[in-house]
Amino acid sequence: MPSEVVGFIGLGIMGRPMALNLIKAGYKLVVTSRSRGPIDALTAAGAKAVATPADVAREAADLVLLDCRLPDGDGLAVLRHIKEQFPDTPVILMTAFGSVSTAVEAMKAGAFDYVQKPFEIEEME
């Protein structure tokens, strides 16, 4: 069973099932979202809810999964903020609306990887 702590920022339509799959796979999950519904479902499954993306990075030193499009902000701006405060924390930027220019910008901002949704959890290992 994995012991890694994974932070998850951005629980859109595809995010909640992905987060539940990570919990089922044995990862410790730290999540944040402005929507209570997904957070409540994930905390009931064992995730820890925190208030802000910076809190996610602080708690999830092993890996942060970050959605590029957030309901209350820009994923690239959050990526830059996380990398300024926690430069050693790997951040994987996810998007369903990928473009080459966004991928390049994400990598320049310090993303560990840039993946297009949907994807299988096995692709992340």
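A: Happy to! The chain in this predicted model exposes about 6,600 Å², with 54% of that area supplied by carbon and sulfur atoms. Of its 125 residues, 46% count as buried. The secondary structure amounts to 5 helices and 8 strands, arranged along the sequence as β-α-β-α-β-α-β-β-β-α-β-α-β.

Now to the helix itself. Where α4 starts, a side-chain oxygen of Asp74 comes to within 3.2 Å of the backbone nitrogen of Leu76. Further into the cover question, the buried residues of α4 are Gly75, Leu76, Val78, Leu79, Ile82 and Lys83. Looking down the axis of α4, these buried residues fall within an arc of 155°, so they line one face of the helix.

Next comes the largest nonpolar core, which has 23 residues. Leu79 and Ile82 are among those with the most contacts inside this core, a group that also includes Ile9, Val64, Leu66, Leu93 and Ala106. At least two residues each come from β1 (5-9), α3 (53-59), β4 (63-67), α4 (75-85), β7 (91-95) and α5 (100-108). Of these, α4 gives the most, with 4 residues.

Beyond its neighbours within four places in sequence, Ile82 is in contact with Ile9, Pro53, Ala57, Val64, Pro87 and Val91.

Finally, for the chain as a whole, 53% of the contacts with a separation of 6 or more are between residues 24 or more positions apart.

Key: Residues numbered from 1 in each chain as written. Predicted model: local features only at pLDDT ≥ 70, side-chain atom pairs only at ≥ 80, totals over all residues. Heavy atoms only, no water. Core = buried A, V, L, I, M, F, W, Y, C linked by side-chain atoms within 4.5 Å. Buried < 20%, exposed > 50% of the residue type's maximum accessible area, 1.4 Å probe, protein only. Contact = heavy atoms within 4.5 Å. Arc of directions from axis to C-beta. Polar contact = N/O pair within 3.5 Å; in protein donor to acceptor, adjacent residues only side chain to side chain. Areas by Shrake-Rupley, 256 points an atom, 1.4 Å probe, with all protein chains shown as cover.
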